[in-house]
Amino acid sequence: MKLLPCGDSAVSVRFGERIDPGVHARVMAFARAVEQAAIPGVVGLVPSYCALMALYDPLALPFDELAQKLFALKPGEAAGEESADVVELPVCYGGEFGPDLDFVAQRAGLRVEEVVRIHSGVDYPIYMLGFTAGFPYLGGMDERLAVPRLDTPRTLVAAGSVGIAGAQTGVYPVASPGGWRIVGRTPAKLYDPAREEPFLLRAGQKLRFVPVGAAEFARLIEEEGR
């Protein structure tokens, strides 16, 4: 475990330098340990692939004191094991919602139905949120579905779009530019600032895509009030 200061009010607690389920498990266990310790002056935690960013008030908690408290934590004893929640997201694959699905299938040498089955057949660990508010970076995608990004990013990708870039898959929470290959769309709102909890997902959970037809997608969109 290494501590790297990030400005005067944050520190990065690093557990490795690679994307690895075991490393991320240590990150999440340490995050739970810090939460349970309720260290005065720590005001926020941001987990990522292999590090935990701890935000703190330097007027209430000097860096050296924070470092001592962090190094003193024993995540295995303080946090224990925690099974990951699985969040299911309905997704309408292909057509107007997934303009790149055919490309992914052709590149993989698979039928479209096989791509949908493979893509929706995994409980993806959520490593971190970033890029835009609530965008989940997921691990565990079948390597057969890996495709390069678009040569020229789209100027606008619809909110809820499910994309693939390289060996990763993710979901656009809000409309934004983007270069990922879009294979489908979910009616679920991953980010809604009007909700008490704006983010639908969080690091440490798992995400499962559930294929739905166009009629079901339309019904769910109506339920969401969109």
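This is a guided tour of the predicted model above, one selection at a time.

**Before you start**

Residues are numbered from 1 along each chain as its sequence is written. Because the model is predicted, local features need pLDDT of at least 70 and side-chain atom pairs count only at pLDDT 80 or more, while totals for chains, interfaces and linings use all residues; side-chain values use heavy atoms, with hydrogens and water left out.

**Stop 1**

Switch to the cartoon view. Helices (H or I, at least four residues) and strands (E, at least two) are DSSP runs, numbered from the N terminus. Two strands pair if DSSP finds at least two bridges between them. Strands of a sheet pair through backbone hydrogen bonds, either parallel or antiparallel.

Look for the open sheet of four strands, ordered β1-β2-β4-β3 with antiparallel pairing. Select residues 2-5 (β1) and 42-47 (β3): these strands stand at the edges with a single partner strand each, so one side of each has no neighbour in the sheet. On average, neighbouring strands here are turned by 20° against each other, direction ignored. Angles run from 0 to 180 degrees between N-to-C directions, and axes are lines fitted to C-alpha atoms, for helices over the stretch in contact.

Which residue of β2 is the bridge partner of Lys 2? Click on Arg 14 to find that partner.

Next, select residues 21-37. This is helix α1, which lies across β2, β3 and β4 (51-56) and runs at about 165° to β3.

**Stop 2**

Show side chains for Val 13, Phe 30, Leu 52 and Leu 70. Within the largest nonpolar core, which has 30 residues, these four touch the most other members. A nonpolar core is a set of buried Ala, Val, Leu, Ile, Met, Phe, Trp, Tyr and Cys residues joined through side-chain atoms within 4.5 Å. Buried means under 20% relative accessible area, exposed means over 50%, and partly exposed is in between (1.4 Å probe, protein chains only). At least two residues of this core come from each of β2, α1, β4, α2 (63-72), β6 and β7. The largest share, six residues, is supplied by α1.

Zoom in on Leu 70. Contact means heavy atoms within 4.5 Å, and beyond its neighbours within four places in sequence, Leu 70 is in contact with residues including Met 1, Leu 3, Val 34 and Ile 39.

Then move to Leu 66, also in a helix to select: α2. Is Leu 66 buried or exposed? Leu 66 is buried, with a relative accessible area of 0%. Not counting residues up to four places away in sequence, Leu 66 touches Val 11, Val 42, Tyr 56 and Leu 61.

**Stop 3: the seven-stranded sheet**

Turn to the open sheet of seven strands, where the order is β7-β6-β13-β5-β12-β9-β10 and the pairing is mixed. Select 135-138 (β7) and 168-171 (β10) to see the edges; each has a single partner strand, so one side of each is left without a neighbour in the sheet. From one strand to the next, the twist averages 45°.

Within this sheet, colour β6 (residues 124-130) and β13 (residues 206-211), an antiparallel pair with two bridges. Tyr 124 has Leu 207 as its bridge partner in β13. Helix α4 (residues 101-108) packs on the sheet, touching β5 (86-93), β9 (161-165) and β12 (181-185).

**Stop 4: salt bridges**

Side chains of opposite charge can pair when their charged atoms come close. A salt bridge is a side-chain nitrogen of Lys or Arg within 4 Å of a carboxyl oxygen of Asp or Glu, and the structure holds nine.

Start with Arg 202 and Asp 85, whose closest N and O atoms are 3.0 Å apart. Arg 202 sits in the loop between β12 and β13 and Asp 85 in the loop between α3 (75-78) and β5, 117 residues apart.

Next, pick Arg 208 and Asp 123, a salt bridge with closest N and O atoms 2.6 Å apart. Arg 208 is partly exposed at 27% relative accessibility, and Asp 123 is partly exposed at 30%.

Finish in helix α6 (residues 214-224), where Arg 219 and Glu 216 lie three residues apart, about one turn of the helix. Their salt bridge has its closest N and O atoms 2.6 Å apart.
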